[in-house]
Structures are given as structure tokens and as C-alpha cells.
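Below are some brief notes for your review. They take up the ligand site, then a few backbone points.

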Amino acid sequence: MMQRYSRLSIFFHWLIALLIIVAFIVGSIMTDLSFSPFKLKVFSWHKWIGVTILGLVALRLITRLFKGAPPYPSTMPAWQKNAAHWTHVLLYVLMFAVPLSGYFYTLAAGYPVVYFGLFELPVLIPASPELKPILKLSHIVLTKVLAAAFFIHVAAALKHALIDKDGMFRRMLPTKSGETS
Ligand code: HEM
């Protein structure tokens, strides 16, 4: 039977996927809301979810580096293995770059991030009218690149599940028994 991802990796994968989708949807609608206390609350939730993603992605990367990933099946052509590898690298880079750009944009705009209203996260840069538009544009552009990489990733996963039927998709699905191979 084909080797699977560890239970911890599977947990991080689906939790982070879900939170990214939520952060993306909230981010996309919040800027169009008319100014109100509700809008400020939604902005805060977007930031809190985004910072949570950042923390989870850091833990996930550590897990990935220590536990590795199961090898690709020998039936997979080399170009597909390369494409999969580099898409995964790109996804990791973006999963850091997107929340970090949002975080630094918020700081450059002069707002501290008070995580779930409980404690203030480090103010790593001072408010900066020069950096603010650059960081805002970076966050917006990076979210679009993340969305594109996300769709390529999902399309490839579905191809494995529905066309190739080579068991690749199941490697990332939770199992009741928690079997690892
Ligand atoms: C993976 C995590 C994140 C995702 C997927 C995400 C996604 C998005 C999206 C889709 C938008 C709308 C962009 C547009 O107008 O086209 C947005 C806007 C925004 N995000 Fe995020 N974001 C994330 C993390 C963060 C974090 C951590 C912060 C701050 C702590 C943040 C702060 C903002 C702000 C302030 C805006 C409004 C930009 C504006 O003024 O137009 N985001 N985000």
C-alpha cells in the first residue's frame, strides 16, 4: 500500500486549507463594507485568522522538514514530480508571504494587531506612509498569486483522484485507524 502523510501533516493540511479559504472570502468582502463598527470587527477577524494561519504554517513547515513527505509513486512521470514539488514550494512561500505582507501593511498603516483582543503582537516597523501603499499592493497581488497556485494544486489533486486513480489523493485524507502505510 502507498505510504501516507503523517496524521499531524494531514491535520495541518486541512485546517490551514480551511482557514485560508475563510481568510480569503472575508478579505475579499470586507473592503466593500460601508464604514461601521462591524466593518472594523470584520477587519480584526481577518487579521486574527491570518496571524493564526501564519503560526500554523510555521508549525507545519517544521513538521514537514522533520517528518518529510511520502515518496511519489514510480508511475508518475519526472515532469509531474517536478511540477508537484515546485508548486508545493511556491505554496509554502505564499503561505508565509501573504499573511506577513498583511501584517506589515497593517503596521505601516499605523494599527497594532491585538490578537483576538487579548494581547498586542510585536510592532516590528513604525507607521510609514511611504511603505503603506507598497505593502497594501503586495498583499493584494500575493493573495491573487496564492489563489492561482491553490487552483493549480486542487486541479492536480482532482486529476490524481478522478483520472489517474493512483492513490495520491488518499495520502492526504484522514483515516479512522490513523494507519501510516
Ligand atoms: C493567509 C492569510 C491571508 C489571506 C488568504 C488574506 C487574504 C486577503 C484578501 C483576499 C484580501 C482582499 C484583497 C483585495 O482587495 O483584492 C485581503 C485584504 C486585507 N488583508 Fe489579508 N489575508 C491574509 C492575512 C492577513 C493578515 C495576517 C493581515 C494583518 C494582520 C491582513 C490584513 C489585510 C488588510 C488590512 C486587508 C485590506 C487591504 C485594503 O486595505 O484594501 N491579511 N486579505
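1. In this predicted model, a polar side-chain atom of Tyr105 sits 3.0 Å from an oxygen atom of the ligand. Helix 1 (7-30), helix 2 (37-67), helix 3 (78-108) and helix 4 are the elements that each contribute two or more residues to the shell around the ligand.

2. For His46, a polar side-chain atom is 2.8 Å from a ligand nitrogen; for His139, the distance from a polar side-chain atom to a ligand nitrogen is 2.8 Å.

3. How many residues surround the ligand? The count is 24, and the closest are His46, Gly102, Tyr105, His139 and Lys144. By class, the shell consists of 12 nonpolar, 9 polar and 3 charged residues.

4. Lys136 belongs to helix 4. Lys136 counts as partly exposed because its relative accessibility is 40%, which falls between the cut-offs of 20% and 50%.

5. Two backbone angles deserve a look. Most residues other than glycine have a negative phi. Phe116, however, has a positive phi, near 50 degrees. Phe116 is in the loop that joins strand 1 (114-115) to strand 2 (119-120), and its relative accessible area of 33% makes it partly exposed.

6. Lys165 also has a positive phi, near 45 degrees. Lys165 lies in the segment that follows helix 4 (131-164). Is Lys165 buried or exposed? Lys165 counts as exposed, because its relative accessibility is 64% and the cut-off is over 50%.

Technical notes: Residues are numbered from 1 along each chain as its sequence is written. This is a predicted model: local features need pLDDT of at least 70, side-chain atom pairs count only at pLDDT 80 or more; totals for chains, interfaces and linings use all residues. Side-chain values use heavy atoms; hydrogens and water are left out. Helices (H or I, at least four residues) and strands (E, at least two) are DSSP runs, numbered from the N terminus. Buried means under 20% relative accessible area, exposed over 50%, partly exposed in between (1.4 Å probe, protein chains only). A residue is near a molecule or strand if one of its heavy atoms lies within 4 Å of it. A polar contact is a pair of N or O atoms within 3.5 Å; within protein, one must be able to donate a hydrogen and the other to accept it, and residues adjacent in sequence count only if both atoms are side-chain atoms. Ala, Val, Leu, Ile, Met, Phe, Trp, Tyr, Cys and Pro count as nonpolar, Asp, Glu, Lys and Arg as charged, and the others, Gly among them, as polar.
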